[in-house]
Amino acid sequence: ENDKPLLNQGQQIQRADDADEGLAIGEIIAVLMEHRWLIAAVTALFLLLGVAWTFVNKPVYRADGLIQVEEKSTGMSALKDLQPLLGDSTTVSAELEILTSRMVLGRVIDKLKLDIEATPKTFPLIGGAMARRYKGDKPASPWMGLGSYAWGGEKIQVDTLQVPRTLLDKPLTLTAGEGGAFDLLDDEGELLLKGQVGTRVEDKPLAIFVSRLQARPGTRFVLVKRSSEMAVKALRTQFAVKERGKKSGILEASLTGPDTDKIVTVLDDILNTYVRQNVEQRSAEAENTLKFLETQLPALKKEMDAAEAAYNNYRQSRGSLDLNIETQSVLQSLVEVDNQIVALKQERDELRQSFTSEHPRVQAVDQRLERLRDRRKQFDSDVNKLPDTQQKVLQLARDVEVSTTLYTNLVNTSQQLRVSKAGTTGDVRIIDSAAAAREPVGLKKSATLAIAILLGLIFSTA
């Protein structure tokens, strides 16, 4: 009974807190309703900014293609035994680096002249959006008499642009004139050249060739001659390569940009250039190996002829001598070991063209050679137990067998390398050519507007 007043007092405090909470929520709702027009106005302003952003924002599209990297050394499956001569199999990680290297991207830039940028100069903020939406064949009429800006329909194609090093990566201004004439000015407005469309103009170290110019007289264009480093860097920012699935050997290459036709053309050329250099590399490897073998063939031919002559002369001087079964078995083992030793020596010479003697592959070959030499010593001890005549015949027959086998193998290998060089297809191939999606990448317009409305509500409510 004494605890009841305390319980009643606690219940009264809880009810007072609930009343205060209800009052606070009610007050908040009342404040929001009182300023509903302010909230609506601020939200509408944010929505208007979102609409403006979607209008002026330049869409960016994405093109992609697929490449397969095959783990093989030559273009023919029948030549797998040439793997020690042609080097290691291709690795995906190395091919990823090659795809983004200056060797590949630099060739594409030179071929497609991506180091020359020529764009119409548009009015700030809205000029680019209006030019993109213009659908006419001829240049659009200027707005508000601003004839120096491009408003849509302007086109230019610059095939040659040579500038001194001091003007690399700096914007130049080309002003269209009457009848295809134009003026080229530097960033300070000083006249550099006067030219005509379709005619190369040169004033060393400056040179320019404009093959196409469609614009109203007085329209300005921005020209930039990129240095090789900056051109490669700019292309790398748009270009990306990744492997689809771990150890799948399938590479996905993608390129982003505002012009779908251009990014498809550029990406296709990157893929083709990459495959072409791979084929050239494999062909060059076969060519270098073939040259190395051809330098060895004349000396081996002389050794084979000399061994055959010595063997025949000894048999004629001693009468017809035949090897018994035991000696023939020793001969076969000797020939086999000697052939393996000679083959390993050739492999070592080939490796030493690319690696030092401390390289693991060279050391592995040296260890195998040491084991074969030990076996050779064991066979030599068996040969010393034979009669002198049998030892001499065995030695001469061994020389003939070894030199003949080695020469025949090298001739066959040379022929295989010639076939391989003629039919080289490389370790990579294009599975899917470049194709661009119709929809731009990034946020869609509906998502952008929804975010603008949400931000407007949050800001106005705060």
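User: Is Gly 257 buried or exposed?
Analyst: This is a predicted model, and in it Gly 257 is found in strand β11. Its relative accessible area is 4%. The cut-off for buried is under 20%, so Gly 257 counts as buried.

User: OK, now the largest nonpolar core. Which element gives it the largest share?
Analyst: In general, nonpolar side chains tend to be buried together in soluble globular proteins. Here the largest nonpolar core has 28 residues, and Phe 239 is one of those with the most contacts inside it. Elements giving two or more residues include β1, β11 and α8. The largest share, 7 residues, comes from α8.

User: How many residues are in the other core that lies apart from it?
Analyst: Ile 156, Val 163, Leu 167 and Val 201 are among its members. The total for this other core is 19 residues.

User: And on the surface, which elements give two or more residues to the nonpolar patch?
Analyst: The patch is formed by Leu 47, Val 51, Ile 453 and Leu 457, with about 270 Å² of accessible area together. Leu 47 is partly exposed at 31% relative accessible area, and it is found in helix α2. The elements asked for are α2 (36–56) and α12 (445–461).

Methods
Residues numbered from 1 in each chain as written. Predicted model: local features only at pLDDT ≥ 70, side-chain atom pairs only at ≥ 80, totals over all residues. Heavy atoms only, no water. Patch = residues over 30% accessible without salt bridge, like charges linked within 9 Å, V, L, I, M, F, W, Y side chains within 5 Å. Areas by Shrake-Rupley, 256 points an atom, 1.4 Å probe, with all protein chains shown as cover. Salt bridge = Lys/Arg side-chain N within 4 Å of Asp/Glu carboxyl O. Helix = DSSP H or I, 4+ residues; strand = E, 2+ residues; numbered from the N terminus. Buried < 20%, exposed > 50% of the residue type's maximum accessible area, 1.4 Å probe, protein only. Core = buried A, V, L, I, M, F, W, Y, C linked by side-chain atoms within 4.5 Å.
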